[in-house]
Amino acid sequence: MKILVAVKRAIDYNVKARPKSDGSGVDLANVKMSMNPFDEIAVEEAIRLQEAGKAGEIVAVSVGPAACQETLRTAMAMGADRGILVQTDDEVQPLAVAKLLKALVEKEQPGMVILGKQAIDDDSNQTGQMLAGLLGWGQGTFAAKVDVADGTVAVKREVDGGIQTLTLKMPVVVTADLRLNEPRYVKLPNIMKAKKKPLDTVSPADLGVDIAPRIKLVKVAEPPARAGGVKVADVNELVAKLRNEAKVI
Amino acid sequence: MTSLVIAEHNNQSLNVATLNAVAAATKIPGDVHVLVAGHGCGAVAAAAAQIPGVAKVLAADAPHYAHALAENLAPLVAGLAGGYSHLLVAATTSGKNVMPRIAALLDVAQLSDIIEVLGEDTFVRPIYAGNVLATVQSLDKVKAITVRTTAFDPVAATGGSAAVENVAAGPDAGLSQFVGEELTKSSRPELAAANIIVSGGRGVGSAENFKIIEALADKLGAAVGASRAAVDAGYVPNDYQVGQTGKVVAPQLYVAVGISGAIQHLAGMKDSKVIVAINKDEEAPIFQVADYGLVGDLFKEVPALVEALDK
């Protein structure tokens, strides 16, 4: 079974994003970028399935500008076998990403597509579900555990009240939640090896996909800041403040 | 223009998050309809019909709708969407699972986690862990929306009297099967609906030590939450997690204990009315959002706080 795993180049999770002063977008100039953390978990899961003999080739896919090659090299240094960059400098929204991935799925014929459940930049949490809908496949979203059996996969999902278990027919789309695994650190020799792995580049037009945005960004702004608080000396002062000033207990 | 809100329920009762989603829908011009799809869910449809401001309830009943599996629910909603300008669902794990699939079937974009309705096609939604608020305009004919429940006060549960109309169930897609669920059992309030939340972080140190947090929660009648660090360390189950990718909460009082205040955690709780932080590190970022900060050892301060509350 071939696995396709989608990776996004996103703001590093330690960086606090700020709007540009004119409100036209988010200021990403000179900001550290990394692989979206949930996508690292997705790559790790694909590798573990391969190591367990449940998966064959792992193809990493990214959509975006040329700099996404770095993200794909990271995925290959972790263990993906090759990469495909759908290169574009235009904004690509989740529905368009799902359509591009669908086109690649039709070409590559994987048995499973794994994605992060959400990207920490736009916080959409959409692409995996959209891809599954477009393909008419089952979807194991917010996965905490993935067990591949014969023609089916059992997925434990992180849901509001706890854990839900589904069995899904293959081929299938899985989206990774935090507890699925802990991604490995990339070792230097593997970074060198990854440079020699094949990386193909295609354009959205090559795949016949219209990526025109369906949502227009009107403006961005910072949320209202919380007014500064006070330090209390001890628990008695805290209880007094909560009772008499804040009146919340 | 008419909006369709997809109800969340367990076939017996309506999840209150549905009332927040209806609240968002009522801010959009036009009528509001509610879809109750489930199995043996007549009581839920009857409850939805009592929500004030709801003009009609659509009920679809079939065994394969019992667990709101996206593979079965999405085609049903997409089939009904022709009559609607807006489709809304609460941004719970269930809503987040199904709405993008519906949007894809309709070839429309989705607006995730809206916190404000500015017009029929324009909404505000948080991005980058809530550090940026984006005003976005949908260019699609049908607007597929998930609603951040904490941003819309729930409408009343009773007082209305909408008609219930049965709609034909679609086929079982046969792609997915519900096997079971392990739900966290607790006598405490639910995180999403609690007025007071006491959360513990890495500083709590162990699952055993979480009893200190629970004792404070019980004293306050509060729900128990946690930071990602505490969940990853196995102190508490995953559904306790508050944050960018866990639950977003906005209680009257949020008490953060032994939580440093990473961006990702703040994203899930900074809209709380009053925030209290207890941490031994006075430089911890959590103090920047706290209304009341107490610098000290949580193992000493939290039990002392429980005692002080008795006075």
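1. Which residue takes a positive phi just after α1(A)? In this predicted model, A:G53 is that residue, with a phi of about 80°.

2. Helix α1 of chain A covers residues 37-51, and since 15 residues at 1.5 Å a residue should span 21 Å, the 21 Å between its end C-alpha atoms agrees with the expectation. The helix is mostly covered, with 12 of its 15 residues buried; among the buried residues are A:P37, A:F38 and A:I41, as well as the charged A:D39, A:E40, A:E44 and A:E45.

3. The contact between the chains draws 65 residues from chain A and 71 residues from chain B. On the side of chain A that touches chain B, several elements each supply at least two residues, including the helices α3 (94-108), α4 (127-135) and α6 (235-245) and the strands β7 (138-148) and β8 (152-159). The largest share, 8 residues, comes from β9(A), and by residue class this side of chain A divides into 33 nonpolar, 17 polar and 15 charged residues.

4. Strand β9(A) is also joined by 7 bridges to strand β11 (residues 176-183) of chain B, the two running antiparallel, and in this arrangement A:G162 stands opposite B:L183.

5. An open sheet of 4 strands, with antiparallel pairing, contains strands from both chains in the order β12(A)-β8(B)-β7(B)-β6(B). Its edge strands, each pairing on one side only, are β12 (215-221) of chain A and β6 (116-117) of chain B. Strand β12(A) pairs with β8 (residues 132-138) of chain B in the antiparallel sense over 6 bridges, and A:L217 has B:V136 as its bridge partner in β8(B).

Definitions and conventions
Residues are numbered from 1 along each chain as its sequence is written. Chains are lettered from A and ligands numbered from 1 in the order in which they are written. This is a predicted model: local features need pLDDT of at least 70, side-chain atom pairs count only at pLDDT 80 or more; totals for chains, interfaces and linings use all residues. Two strands pair if DSSP finds at least two bridges between them. The expected span of a helix is 1.5 Å times one less than its number of residues. A residue is buried if 20 or more other C-beta atoms lie within 10 Å of its own, exposed if 12 or fewer, and partly exposed in between; C-beta atoms are placed from the backbone. Two residues are in contact if their C-beta atoms, placed from the backbone, lie within 7 Å.
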